[in-house]
Amino acid sequence: MASGTPLRPSSFDTFIGQNHVKEQLNLALESAVMRDDVIDHVLLAGPAGTGKTTLANIMSSRLGTRCVETIANVMRKPQDAANNLVNLRRGDILFIDEIHALPITVQEYFYTAMEDYKINTIAGRSRRAVTVNLQKFILVGATTNEGQLSSPMLSRFGLVCNLKPYSDQDVGMIATRGAKALGIGITDEAIKLVVDRCRGVPRITLRHIKRMRDSATIMHKSMIDLESAIHAYRVLQIGEHGMTNQDRAVLKVLSGKKHATGIQGVSSESNIDQETISNLIEPHLLRIGAIVRTPRGRLITKVGEKINKDIQQ
Ligand code: ADP
């Protein structure tokens, strides 16, 4: 049963939390609309699944322009960037996900595009180098790793927005809204469980709600209640504090060690690749206080040892 509430928020009013970001973007957008101008380029920094793509789409719908979405690892050469840039109309958003992963030659190519709305490219059969004037577009870069972006590129973003961790209250509202969008109710007890297990990430929250709706359906329930939520988490093998099998494997590697362990050591002992450890597992273990990071590597905390012990029982 569909409810008329879309799963992805389409305006700042329905985008939950991140008030500092919404305020910054709203001010830029409303003043640009009043001046009949285009806003500065925007960098959105924050973990995966926290609303960066959604914000880019909200901006383009406020401006009544298009949002052209791409990802850095398909832009390997300057010509790939040129192909996107020449097709943009005034006020269109070019959204580049994981922008820090652009090769440096492509980042450099964007410098004049961002600053002067011009690019050099190769044209026609003669393959002559020509300068092309671009329409005044808006580059919206999304990054999970702002530090990896070259400083000349970073300095060309007029707006830099850092997404903050979502509070439990925000996540609870996202869960309630997500259930409504899926056409099902959810009890307060089930929401409490989601808040504990969704790692403070909206995308994960919505993924869990979908699986809970599956459980509620097969249990012939008209609402997601505690029983259907627990059933879904058992099937997903997600435990207290949102611990997954991979989180457990990393904690097990660190347990009992008095010395800090480097990422390579954790990776080879747990059989999990380094990127997954540093992008997905560690941020969560740090957030719940199960590990700390030192210059020599990571160490398990007392909280982490307790979680590890509870899991083994
Ligand atoms: P990102 O681009 O940062 O990886 P997305 O914008 O794709 O994240 O968001 C992932 C999912 O979570 C989408 O379905 C989106 O609708 C939802 N979502 C993200 N942030 C919010 C929020 N603040 N309020 C409601 N839903 C959100």
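**Before selecting**

This is a predicted model, in which local features need pLDDT of at least 70 and side-chain atom pairs count only at pLDDT 80 or more, while totals for chains, interfaces and linings use all residues. Residues are numbered from 1 along each chain as its sequence is written, and side-chain values use heavy atoms, with hydrogens and water left out.

**Stop 1: the whole protein**

Display the protein as a cartoon. Its secondary structure comes to 13 helices and 11 strands; these are DSSP runs numbered from the N terminus, with helices (H or I) of at least four residues and strands (E) of at least two. The C-alpha trace spans about 70 × 50 × 35 Å along its principal axes. Of the 313 residues, 47% are buried. Buried means under 20% relative accessible area, exposed over 50%, and partly exposed in between, using a 1.4 Å probe and protein chains only.

**Stop 2: the ligand and its shell**

Select the ligand next. It sits in the second largest pocket. A pocket is an open set of points, on a 1 Å grid over the protein atoms alone, where a 1.4 Å probe fits and protein lies on both sides within 12 Å along at least five of seven lines; a molecule sits in one if more than half of its atoms lie within 2 Å of its grid points. Helix H2 (52-63) and helix H8 (202-218) are the elements that give two or more residues to the shell around the ligand.

Which residues are closest to the ligand? Among the 18 residues that surround the ligand, they are Ile-16, Gly-49, Lys-52, Thr-53 and Thr-54; a residue counts as near if one of its heavy atoms lies within 4 Å. The shell divides into 10 nonpolar, 5 polar and 3 charged residues. Here Ala, Val, Leu, Ile, Met, Phe, Trp, Tyr, Cys and Pro count as nonpolar, Asp, Glu, Lys and Arg as charged, and the others, Gly among them, as polar.

**Stop 3: side chains that meet the ligand**

- Thr-53: a side-chain N or O atom is 2.5 Å from an oxygen atom of the ligand.
- Tyr-166: a polar side-chain atom lies 3.1 Å from a nitrogen atom of the ligand.
- Arg-203: a polar side-chain atom lies 2.9 Å from an oxygen atom of the ligand.

On its own the ligand has 560 Å² of accessible area, and the protein covers 93% of that area.

**Stop 4**

Move to Thr-50, in the loop between strand E1 (42-45) and H2. Thr-50 is buried, at a relative accessible area of 5%. A polar atom of the Thr-50 side chain lies 2.6 Å from the backbone oxygen of Pro-47.

**Stop 5: two residues with positive phi**

Most residues other than glycine have a negative phi. Select Asp-36, in the loop between helix H1 (19-35) and E1; although not a glycine, Asp-36 has a positive phi of about 55 degrees. Is Asp-36 buried or exposed? With a relative accessible area of 63%, Asp-36 is exposed.

Go on to Tyr-117, in the loop between helix H4 (104-116) and strand E4 (118-123). Tyr-117 also has a positive phi of about 55 degrees, but at 17% relative accessibility Tyr-117 counts as buried.

**Stop 6: a strand and a helix**

Finish with Ala-142 in strand E6 (residues 138-143), which is buried at 0% relative accessibility. Arg-211, in helix H8, is partly exposed at 32%.

Notes: A polar contact is a pair of N or O atoms within 3.5 Å; within protein, one must be able to donate a hydrogen and the other to accept it, and residues adjacent in sequence count only if both atoms are side-chain atoms. Accessible areas come from the Shrake-Rupley method with a 1.4 Å probe; for residues, only the protein chains shown count as cover. On a 1 Å grid over the protein atoms alone, a cavity is a set of points where a 1.4 Å probe fits but cannot get out, and a pocket is an open set with protein on both sides within 12 Å along at least five of seven lines; lining residues have an atom within 4 Å of a point.
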